[in-house]
Amino acid sequence: MLGYVLDEIFVQHRAPSGHPERPARAEAVRDALLKAGIVERGTQVPIREATDEELARVHSGGYLDDLVRTIPGKTGWIDADTYYSPRSWEAARAAAGATSRLALDVMRGELSQGIAVVRPPGHHAERDRGMGFCLLNNVAVAAAAARAHGATRVAIVVWDVDHGNGTQDIFWDDPSVLYLSIHQYPYYPGTGAPSEIGGPNALGTTVNVGLPSGSGDAEYLAVFDHVIVPALESFAPDLIFVSAGFDAFQHDPLAGMRVTFAGFAAMAARLRSVADRLAGGRIVVVLEGGYDLDGLAGGMTNVLAVLKRPALEPIALTPLPAFTGSVAGLARAAIDATLAAHHAHGPLAAKPTR
Ligand SMILES: [Zn+2]
């Protein structure tokens, strides 16, 4: 049974006027999932706040103390992009806690898969600081919880259009967590070069593919078929998280990518296929960015449809982009740069080229 997290608290993280990371985002996804019948097709997982122990696994005591001292009950900014409102601390703790609960229920076999519609998002939150609209790193907290409760290896795929610098920072030197990011590059926050492959104890378990602005379904699926899926197959995780932003959507107002709903569905199908084959089907999809309401709604309902499909059709391998045309050629160069950076270390090095 698929588990899902939807809750009013995630609308109570109130944005300053005009801010793109606004409560309507969670409402749009919630309304679309309800319309798609998620109540009949899954089971709702009640929220809970992340415990101090859970948060301390991925965030420093100093940063957590700062948040507790600064945020609860107040309105303000922790940096130029990242605001808080009176109930933001409650929402942030619930986002991290509910994602953890969902992941642990999946690990225990009480649920087969999960979708968490939470705010504030998490992938930019580093061990020592929040940024990029993110306060606590929801997926990192949940991945660490899964590791503490029986998962030997966890994979995190970040298809948000921004580089998930926070998640990379937290698991940089941890060989038990495979971090895979496909992002617009160069772009926010500037990290995510192919040469970033992990710390000395975890070389090769950080994988970055930075695609040029203008990339669409063909470029994204080529990265999945030639980098992300092979790395997952080699790593053989017990659980796969997806940091699912929908800001690579073709009509997103902030970023410059051209991914369609079919593209998001095809990416989800690839990850479900790996999860089914290698991870007992265990996959947890967590909302991150995405600022076009239709893109968010359609993106997540397509993910739900893929997760609920009784069986997956065979997936044809997407060809590597040709070295022609500006976007395709740059995308091919990006894939080659990542594969070259991983030739000697980690799961991509261990995997024969397809
Ligand atoms: Zn983003």
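**Close-up 1. Helices H8 and H9 are roughly parallel to each other.** In this predicted model, helix H8 covers residues 217–235 and helix H9 covers residues 261–278, and the two pack at an angle of about 10 degrees with their axes 10 Å apart. Angles under 35 degrees count as roughly parallel, and the pair is therefore described in that way. H8 passes H9 in a right-handed crossing. On the H8 side the contact involves Asp217, Tyr220, Leu221, Phe224, Val229, Leu232 and Glu233, and these meet Ala262, Gly263, Ala266, Met267, Arg270, Val274 and Leu278 on the H9 side. Sorted by class, the residues of this contact comprise 10 nonpolar, one polar and three charged.

**Close-up 2. Helix H9 also crosses helix H10, which spans residues 293–308.** The axes of H9 and H10 come within 8 Å, and they cross at roughly 35 degrees; this crossing is right-handed. From H9, the residues Phe261, Phe264, Ala265, Ala268, Ala269 and Arg272 take part in the contact, while H10 contributes Gly298, Gly299, Asn302, Val303, Ala305, Val306 and Leu307. The contact of H9 with H10 has nine nonpolar residues, together with three polar and one charged.

**Close-up 3. Eight strands with parallel pairing form an open sheet.** Read across the sheet, the order of the strands is E2-E1-E5-E10-E9-E6-E7-E8. Strand E2 (42–44) and strand E8 (206–211) stand at the edges, where each has a single partner strand, so one side of each is left without a neighbour in the sheet. Neighbouring strands of this sheet are turned against each other by 15 degrees on average, when direction is ignored.

**Close-up 4. Strand E10, residues 283–287, is mostly covered.** Five of the five residues of E10 are buried, and this holds on both faces of the strand, with Ile283, Val285 and Leu287 on one side and Val284 and Val286 on the other. Strand E5 (residues 113–116) runs parallel to E10 and is joined to it by four bridges; here Gln113 has Ile283 of E10 as its bridge partner. Strand E9 also runs parallel to E10, with five bridges between the two, and in this pairing Val242 has Val285 of E10 as its bridge partner.

**Close-up 5. Strand E9, residues 239–244, is joined to strand E6, residues 154–158.** Five bridges link E6 and E9, and the two strands run parallel. Within this pair, Val157 stands opposite Val242 in E9.

**Close-up 6. Strand E8 is largely enclosed by the rest of the structure.**

Definitions and conventions. Residues are numbered from 1 along each chain as its sequence is written. This is a predicted model: local features need pLDDT of at least 70, side-chain atom pairs count only at pLDDT 80 or more; totals for chains, interfaces and linings use all residues. Two strands pair if DSSP finds at least two bridges between them. Axes are lines fitted to C-alpha atoms, for helices over the stretch in contact, and angles run from 0 to 180 degrees between N-to-C directions. Angles under 35 degrees count as roughly parallel, over 145 as roughly antiparallel, 65 to 115 as roughly perpendicular and the rest as oblique. A crossing is left-handed if the near helix is turned anticlockwise from the far one by less than a right angle, and right-handed if clockwise. Two residues are in contact if their C-beta atoms, placed from the backbone, lie within 7 Å. Ala, Val, Leu, Ile, Met, Phe, Trp, Tyr, Cys and Pro count as nonpolar, Asp, Glu, Lys and Arg as charged, and the others, Gly among them, as polar. A residue is buried if 20 or more other C-beta atoms lie within 10 Å of its own, exposed if 12 or fewer, and partly exposed in between; C-beta atoms are placed from the backbone.
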